[in-house]
Amino acid sequence: MAAADQLSKARAPAVSAVTLVRVGLIVGVLAIWELLARSGWLYRDVVPSLIAIAKALVALLSSGDYYFNLGVTAGEVAAALAIGGGCGVVVGIVLGANRFLARAFEIYLYYLGPTPKIIFFPVMIMWFGVGSGSKVALGALSCFFPVALSVAAGMRQIDRVLIRVGKSFRADARQMVTKIYLPAMRHPILNGVRLGLGIALIGTLLAETKLSNKGVGFLIINAYSTFDMPRMYANLIVLFVIAIGANALVGRMVGLHTIRR
Amino acid sequence: MTAATPARRFLAGDLAPAATGLGCVVLFFIVLETLIRTGVISEYIVPPPSEVVASFGRVVMEEHIIRRFFLTIGECLTTGVMITVFGVVGGVLLYHYRILRLAVETWVAALAAAPVVLAYPLFMVIFGRNAWTIIMIGFVAALSPVILKTVEGLAGTRKVLIDVGRSFNLSASQQFFKIMLPAALPTIFTGIRLGLIFALINIVGVEFLINYGGLGQLINDLAERYDLPGTYAAICFVILVSVVFFMTLERIERWLRPTN
Amino acid sequence: MDNPILVADKLGVRFETAEGPVTAVDDVSFSVRQGEFLSIIGPSGCGKSTVFNVIGGLLSQHDGTVRVAGELIDGPHRSIGMVFQEESTFPWRNVTDNVAFPLELTGMPKQNRAERARHFIKMVGLDGFEKRFPGELSGGMRQRVSLARTLASEPKILLMDEPFAALDEQTRLLLGDKVLQIQQQLKQTTLLITHNITEAVQMSDRILVMTYRPGRVKRIVNIDLPRPRTSDIVGSEAFGRYVAQIWADLREEASRGMRDEEDHMLHEAAP
């Protein structure tokens, strides 16, 4: 958002053309949606009226039940990120710092990373049961790889010069860690965690949709099985807003933008 | 790129770390096998690696793995064609109409970060529990990088090449097809590669989740039948396919960018 | 000069910058005879690349006029062939397809194109490399490909903007030889923009020296060295005198340029 807005502010005054286009697009899509909904052209309720969705949203956000499930999911995602992300950070630091280990093992991470982890879910169920454990395990497995790779790459980019500066001032081991390594590592680690958050979210939620009786994923699949479409849309909307919002928020915290120019 | 990407040739100095890595992996499996055989780890939770390997043959024969493989790959390629067509056209449109690009580019990037696959129940409602749901989820999840990289490639055309075109008085369409598009092709392919990877991951995942399709469904099937070694074998097979797919795409991309 | 092939009359270019309008080029006029080799030389910031862009038709916002064989130019003129300073070969085409590019545009059939292209590839000394891609060639070879491509369009006037700037001295001298050879063979009217005095004196019939910004014509020097020339001429006494003379002019402009830059930086650094 930031970069594009700055670009448009540099050019047009008052209400920028960009904003107009965006509003226009959104209004257009909503209008087509409502038309489809009312036309009865598609199978009933596949495209519910916007009003029905709005009602479902209100119902959702005002029910304590939703927040309970949200809490369950949030807890699972947090645990998944802590375990998978935590291991990822440690492994990433080790691989980033040690060239030999990196050349020995990183290739496995690199090629195993872009594979679908949800297929491990039956194994997770066997190992951790049908409760939250298996969801957390899957989330952790999902986010371990990208975090490890991202942190390792980030570590390698730390300017070697900074380390030599520290040594030239004869900093002892503790000082090296606290004054040079940790501050320098902060950015790659936070960046890796930001990446891991999104992936842990997806992994955990997918697991919930497959086999669960709690959590946001469960609510979605439940709405599907009862064919309560407005409720499903409402759930999905809230989920996407949270997911994109959380990503943007953490990104802001780390000082990154969603578009790299 | 990480230190471990095999972009360079295998040198003698690579032997030690590669051997260490491979050695550790082999050691891990040996230890695992021993622990299971001696009962430290229950064989009803983790089947011995040897049994998993043994069941490979059975899984291949009985579960029509070739047919399933082609089904999954077919879904992937369909998605691939769709994201290429719509992604490149979309990218060209965004590049051409500046106002559209300024308005929409952030949204497209957000789409890449959005957990599209989580909406699979919605897709099932719309398309049914069949291959189209799978393909469409793959499409929506994979479209974004193609659009973004197409825009990036076109926008990043070196000014001097555009000037060469102008100095030869090329028409706008000649300029586009003879200079900008060829110049952008390597970057566009990077986008397609990223898209295809997203696509494969999502496609196999959804096949598993909705219990329809090729390889993903196989795993679901075997798991529900409590065929432990078979399930592990199928998972290994899918991982293998995924790795080979990824490597092939990398190779093609490297071929397109010889000067890098 | 009667019947000059190129006439630049009172060229002027102004740019809007963050610090206000800047005059890059002011009241530059000159003519070029058919078959002549004219170099335009000047310090950095004298606007010579701007002149290149104006004559090449890539910059239409300017004062004054440019006529090619009497015709007023309005955009890139078909009789002017441009060779740019930066890497400009098409990396996705091999040498032959690069050189044949202008032939492709005129609709020449494929068979004839390859043959015709080979003629120019040989001319720049790259025979044997027809099927190679630019990525496999050195910087100097790539510039030769660019040159061959421009020559293939058989322009009346060859317009080059510091084509050898990115190359090392030896390669530059040898390529300079090549260009000279070609120019003498084809009797090609050539306009070379450069900051390299040796290069300019080696190759030119006349040299136009520009002042520092705003770029004006400081002096036009006739180079009365015998033709045909090769890089051997670099050692001769007459050569040395011309170089010294032009250096004297340039030094004055170059130091004005440096002082101006320093002032500028101090200005910016001050709160």
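## Helix 6 of chain B

In this predicted model, helix 6 of chain B has a kink of about 35 degrees at Ala142(B), shortly before the proline Pro145(B). The bend at a residue is the angle between axes fitted to the seven residues ending there and the seven starting there. Helices (H or I, at least four residues) and strands (E, at least two) are DSSP runs, numbered from the N terminus.

Helix 6 of chain B covers residues 131-155, 25 residues in total. From its first C-alpha to its last it reaches 36 Å, close to the 36 Å expected at 1.5 Å a residue; the expected span is 1.5 Å times one less than the number of residues. Because 20 of its 25 residues are buried, helix 6 of chain B is largely enclosed by the rest of the structure. Buried here means that 20 or more other C-beta atoms, placed from the backbone, lie within 10 Å of the residue's own.

## Numbering and confidence

Residues are numbered from 1 along each chain as its sequence is written, and chains are lettered from A and ligands numbered from 1 in the order in which they are written. Local features need pLDDT of at least 70 and side-chain atom pairs count only at pLDDT 80 or more, while totals for chains, interfaces and linings use all residues.

## Contacts between chains

Of the 2 pairs of chains in contact, chains A and B share the most contacts; two residues are in contact if their C-beta atoms, placed from the backbone, lie within 7 Å. In this pair, 46 residues of chain B meet 55 residues of chain A. Helix 4 (98-113) of chain B gives the most to the side of chain B that touches chain A, with 9 residues. That side divides into 35 nonpolar, 9 polar and 2 charged residues. Ala, Val, Leu, Ile, Met, Phe, Trp, Tyr, Cys and Pro count as nonpolar, Asp, Glu, Lys and Arg as charged, and the others, Gly among them, as polar.

Chain B also has 12 residues in contact with 17 residues of chain C. Helix 7 (159-167) and helix 8 (172-210) of chain B each supply at least two residues of that side of chain B, and helix 7 supplies the largest share, 6 residues. No contact joins chain A and chain C, whose closest C-alpha atoms lie 13 Å apart.

## Domains of chain C

Chain C is divided into domain 1 (1-79 + 155-248) and domain 2 (85-154), with bounds from an automatic or database domain assignment. Their C-alpha centres lie 24 Å apart. Between them, 13 residues of domain 1 are in contact with 12 residues of domain 2.

Terms used. Buried ≥ 20, exposed ≤ 12 C-beta atoms within 10 Å, placed from the backbone.
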